[in-house]
Amino acid sequence: MRALLIGANGYLGRFVADRLLADPAVQLTALGRGDDADVRFDLATGSPGALTRFLDAVHPQVVINCAGATRGGARELTRHNTVAVATVCEALRRSGCGARLVQIGCGAEYGPSQPGSSTAEDAVPRPGGPYGVSKLAATELVLGSGLDAVVLRVFSPAGPGTPAGSPLGRLAEAMRRAMQSGDGELKLGGLGAQRDFIDVRDVARAVHAASLSAAQGVINIGSGRAVRLRDAAGILARVAGYGGALHELDAPLGAHLRPAIGHPRADSDHAAPVAYPYPDGCGSWQQADVRTARDRLGWRPRINLEESLADIWMEAACRI
């Protein structure tokens with residue numbers, strides 16, 4: 001199978017590339033903005049015509065799009081998450097390669113959900129922030145393109161390579177600093193949210209399975225279990241061997257306290273206002289219904305959260 005991977009140097013893309021390269025039946029070509037890509041191309045600024053010419057030359061059987069932005073203003077998110085996908089769809093329509101498209105979506109497209117519920121693919125998306133809006137727009141472009149396409153809505157990825165600005169990445173960094181300075185207590189905000197964490201290596205397995213399948217439409221990729229961030233903090237403390245006390249500083253909207261886990265870090269170490277309690281726009285609860293992935297892709301998550309957190313901590317500990 002000839003596969004074209006877009007965004008191979010990103011957080012998810014690196015693991016998808018590793019998974020595909022491990023399959024001797026896959027001939028992989030990486031397209032991206034970095035120097036390590038086989039072909040350099042910026043989806044946010046490149047034209048559909050230029051991408052079409054490349055598709056006609058390589059003639060892939062599947063195109064996997066892992067490119068995108070998770071942070072920035074609405075304009076930047078729209079350019080990298082929506083306009084870029086429009087470029088991919090238009091290029092595939094113009095090309096004669098007839099490739100299947102595997103698009104990486106996200107759980108933020110759904111927005112907040114009822115505590116205790118599992119969100120299935122037929123739920124009405126109501127994203128609560130610009131990131132989710134930009135990704136939902138991309139999903140709608142893919143579903144309306146007429147292409148042979150599937151969108152994998154990935155919930156909260158975790159594991160090795162977790163960005164330092166993500167909730168679990170910031171949690172590990174806060175614990176590293178506490179251990180380095182010998183602090184006997186760690187005060188954290190924003191631990192009340194519950195999220196469905198899924199290891200990036202399991203995400204890569206799902207992408208591989210989707211590439212080989214005939215499934216179309218939207219498919220959720222998650223663990224199927226919501227975990228409170230304060231519980232994740234407890235697991236991380238055990239993995240790290242941190243014996244200090246964990247103090248939660250959740251406060252009402254608009255209160256001034258130390259930057260919350262998952263909230264953009266302030267430029268100084270002083271207390272900063274928390275502008276809104278759930279920066280990802282997903283409210284206090286998210287949990288995926290993953291039965292479709294099981295039934296249509298034959299996929300189930302294999303890696304538990306403790307293993308994902310252990311890998312996150314190993315990387316953080318190396319900075320001590």
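Residues are numbered from 1 along each chain as its sequence is written. Because the model is predicted, local features need pLDDT of at least 70 and side-chain atom pairs count only at pLDDT 80 or more, while totals for chains, interfaces and linings use all residues; side-chain values use heavy atoms, with hydrogens and water left out.

**Stop 1: helix 1**

Select residues 11-21, which form helix 1. Helices (H or I, at least four residues) and strands (E, at least two) are DSSP runs, numbered from the N terminus. Tyr11, Leu12, Gly13, Phe15, Val16, Ala17 and Leu20 are the buried residues here. Buried means under 20% relative accessible area, exposed over 50%, partly exposed in between (1.4 Å probe, protein chains only). Now show what covers them: the cover includes strand 1 (2-6), strand 2 (27-32), strand 4, strand 5, strand 7 and helix 6 (200-212).

Keep helix 6 on screen. Helix 1 and helix 6 pack with axes 8 Å apart, at an angle of about 60°. Axes are lines fitted to C-alpha atoms, for helices over the stretch in contact, and angles run from 0 to 180 degrees between N-to-C directions. The two helices are therefore oblique to each other. For angles, under 35 degrees is roughly parallel, over 145 roughly antiparallel, 65 to 115 roughly perpendicular, and the rest oblique. The crossing of helix 1 over helix 6 is right-handed.

Tyr11, Leu12, Phe15, Val16, Arg19 and Leu20 of helix 1 make the contact with Val200, Arg201, Val203, Ala204, Arg205, Val207 and His208 of helix 6. Contact means heavy atoms within 4.5 Å. By class, these residues are 9 nonpolar, 1 polar and 3 charged. Ala, Val, Leu, Ile, Met, Phe, Trp, Tyr, Cys and Pro count as nonpolar, Asp, Glu, Lys and Arg as charged, and the others, Gly among them, as polar.

**Stop 2: helices 2 and 3**

Select helix 2 (residues 48-58) and helix 3. Their axes come within 8 Å and cross at roughly 50°. That makes helix 2 oblique to helix 3. Pro48, Gly49, Leu51, Thr52 and Leu55 in helix 2 meet Thr87, Val88, Glu90, Ala91, Leu92 and Arg94 in helix 3. This contact has 6 nonpolar, 3 polar and 2 charged residues.

**Stop 3: histidine 59**

Step into the loop between helix 2 and strand 4 (62-65) to find histidine 59. Most residues other than glycine have a negative phi. Histidine 59 has a positive phi of about 55°. At 33% relative accessibility, histidine 59 is partly exposed.

**Stop 4: helix 4**

Select residues 130-143. Gly132, Ser134, Lys135, Leu136, Ala138, Thr139 and Val142 are buried in helix 4. Their cover includes helix 3 (74-94), strand 5 (100-106), strand 6 (149-154) and strand 11 (217-221).

**Stop 5: glycine 159**

Go to the loop between strand 7 (156-158) and helix 5 (167-181), where glycine 159 lies. Glycine 159 is buried, at 0% relative accessible area. Not counting residues up to four places away in sequence, glycine 159 touches Tyr11, Asp199, Ser308, Asp311 and Ile312.

**Stop 6: helices 7 and 9**

Finish with helix 7 (residues 229-240) and helix 9 (residues 305-317), packed at about 60° with axes 9 Å apart. Helix 7 passes helix 9 in a right-handed crossing.

How values were computed:
A crossing is left-handed if the near helix is turned anticlockwise from the far one by less than a right angle, and right-handed if clockwise. The expected span of a helix is 1.5 Å times one less than its number of residues.
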